[in-house]
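Subject: The structure we spoke about, with notes

Dear colleague,

I am passing on the structure below, and I would be glad if you kept it open while you read the notes that come after it.

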Amino acid sequence: MLAQDRAIVSPLAKANNSITFVPEEIQQKLLNLDRPCYVFLENDRIGISHQPLRDTQTQMMVNALLPEQLGDRRFLDFHGVKYAYAAGAMAGGISSEELVIALGKAKILASFGAAGLLPQRVEKAIATIQTALPQGPYAFNLIHSPSEEALEQKAVELYLKHRVRTVEASAYMDLTPHIVRYRAAGLYLNSQGDIETHNKVIAKVSRLEVAQKFLQPAPDKFLKYLVEKGQITPLHAILAEKVPLADDITVEADSGGHTDNRSLVCLLPSILTLRNQIQQKYHYERPVRIGAAGGIGNPEAALAAFMMGASYIVTGSVNHSCIEAGTSDHTKKLLAQAGMADVVMAPCADMFEMGVKVQLLKRGSLFPMRAQKLYDLYQTYKSIDEIPSNIRQTLEKQIFRKSLEQVWSETVAYFQQRDPQQIERAEQNPQSKMALIFRWYLGLSSRWSTTGEAQRQMDYQIWCGPAMGSFNEWVRGSYLEFPENRKVVDVATHIMTGAAYLYRLQNFQMQGLNLPSQYAYYHPIKL
Ligand SMILES: Cc1cc2nc3c(=O)[nH]c(=O)nc-3n(C[C@H](O)[C@H](O)[C@H](O)COP(=O)(O)O)c2cc1C
């Protein structure tokens, strides 16, 4: 702020104390989001007040707008939350009980990261979260697991048994009886004869064809199958034919973890259009809401998503660096130093053989390079025995740090507990065996990151997208620069408050007033 600005004493300010020409006070008034702002121009200086003034001419005004008003009010009512903001699941319990509970206590929805965890571990999380948040809000991830179908089925059984009322369904390419069962088993008629649901579905998608499946009622073939198996009643099946499979669809653009790297500005409008077309066909009483995820790491991105028509926003990467995330301090530190371009796609463990990749941090880890090396070898050779001995020795020394025989016996022990069919398949097919051996490294590297395995820091597999870098850039110089201060509730609150603040500035700009750039930045102040 310039000294001369501070010295300004406006004649109008004398006439009415509520107008200010002092930059710091202008900023404060703009930040009072619960009050309208009136702008006056006097000799090229800008004055702001919360009230219209009688003796002077109001040039323009913006209404009060609280962060709670951004997005679709029906999302707030339906989920019993304060903001149209949710924290997406992060696998392996990175979206931990602590994270879900912290956000839930602030009436913000978060999804427990159930993917990759065994049912006993998920059941424990359900008990902890339900005890802390008996009235919610919270969600659990229901991840489609084509290679481990039993886990998806078990997850649905657990969610039904323990009355988990909201799932974030993700990674679906096609529907399964399991997701249909969860949805249909919660449908009932209220006393007015309207269809209500106990089981809410937020489906996360990155493709139009998958969105289409969730926007429509559940397929007949699954409903019939489930009735025959006695897993839903005939009434459930009739009701399921009249409502969409999902209540909300999160459109996921370029994000951390599994991603199609699509651009949000392209993907979101096309799924909004699809939703409108399907709504015109079915005339649902409750149209499906469309949310946005992928790349949201600051108030500007949040506001852009809302202005494009998102009913709500979902974050992921930014929460990974927060105190409550179930990962190691070293990982959080690396995430807090990441720039926007410090991410890369690398082969993933769960769909390694299909060549699927995930987005993760490249700075500070050799994992992306090593995982790619393993994938290239998998493509080049048909079995472990075909790999030339010098390459094999390098693998054993640098990547596995043990013999491949040892890795194989550990792999057998692991899958015998989890999914013995994988071992049977590998015994028949040497290339599948090679894939399982390589997956030992890919699977453990994310666990080393979460548990903080000191000997393996250079092998950490840390999922994150460009949102992490844009968040770091935004909070540089504020208390949120440091991971030890990053609380998930603070991050959510500042992103939403900043978006509401920036909306004011945009609103003034559309009226022809460009406020000086010093006001354009929303600075997170310790809550
Ligand atoms: C560490 C990490 C793990 C993730 N794991 C899952 C998961 O298990 N299931 C899921 O549905 N989404 C998962 N995601 C995606 C997030 O829920 C969220 O949709 C996404 O991160 C939003 O994009 P952003 O990373 O750009 O914020 C993960 C994201 C991250 C960063």
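What follows is a short account of the ligand shell, the core, and several helices.

Please keep in mind that this is a predicted model, in which local features need pLDDT of at least 70 and side-chain atom pairs count only at pLDDT 80 or more, while totals for chains, interfaces and linings use all residues. Residues are numbered from 1 along each chain as its sequence is written.

**The ligand**

Around the ligand there are 29 residues, of which G88, S170, S255, G256 and G316 come nearest; a residue is near a molecule if its C-beta atom, placed from the backbone, lies within 6 Å of it. Two or more residues of this shell are given by each of β6 (139-143), β7 (166-170), β14 (312-315) and α14 (317-320), where helices (H or I, at least four residues) and strands (E, at least two) are DSSP runs numbered from the N terminus. Sorted by class, the shell has 12 nonpolar, 14 polar and 3 charged residues, with Ala, Val, Leu, Ile, Met, Phe, Trp, Tyr, Cys and Pro counted as nonpolar, Asp, Glu, Lys and Arg as charged, and the others, Gly among them, as polar.

**The core**

The largest nonpolar core has 156 residues, and I249 and I313 touch the most other members. Such a core is a set of buried Ala, Val, Leu, Ile, Met, Phe, Trp, Tyr and Cys residues joined through C-beta atoms within 7 Å, and a residue is buried if 20 or more other C-beta atoms lie within 10 Å of its own, exposed if 12 or fewer, and partly exposed in between, with C-beta atoms placed from the backbone. Helix α22 (residues 488-510) gives the most to this core, with 12 residues. Leaving aside residues up to four places away in sequence, I313 touches A84, Y85, G291, A292, A293, I296, A302 and A305, where contact requires C-beta atoms, placed from the backbone, to lie within 7 Å.

**Two pairs of helices**

Helices α18 (residues 404-418) and α20 (residues 430-451) pack at about 85°, with their axes 9 Å apart; the axes are lines fitted to C-alpha atoms, for helices over the stretch in contact, and angles run from 0 to 180 degrees between N-to-C directions. This makes α18 roughly perpendicular to α20, since angles under 35 degrees count as roughly parallel, over 145 as roughly antiparallel, 65 to 115 as roughly perpendicular and the rest as oblique. From α18, L404, V407, W408, E410 and T411 meet L436, I437 and W440 of α20, and these residues divide into 6 nonpolar, 1 polar and 1 charged.

Helices α7 (residues 149-161) and α8 (residues 177-184) pack at about 10°, with axes 9 Å apart, which makes α7 roughly parallel to α8. Their contact is made by E152, Q153, V156, Y159 and L160 of α7 and by H178, R181 and Y182 of α8.

**Buried and partly exposed places**

In helix α21 (residues 466-475), 9 of the 10 residues are buried, so this helix is largely enclosed by the rest of the structure. Its buried residues pack against α13 (299-308), α14, α15 (329-337) and β15 (343-347), and just after α21, G477 takes a positive phi of about 90°. L31, found in helix α3 (residues 23-31), is partly exposed, with 17 other C-beta atoms within 10 Å.

With kind regards

Notes:
Contact = placed C-beta atoms within 7 Å.
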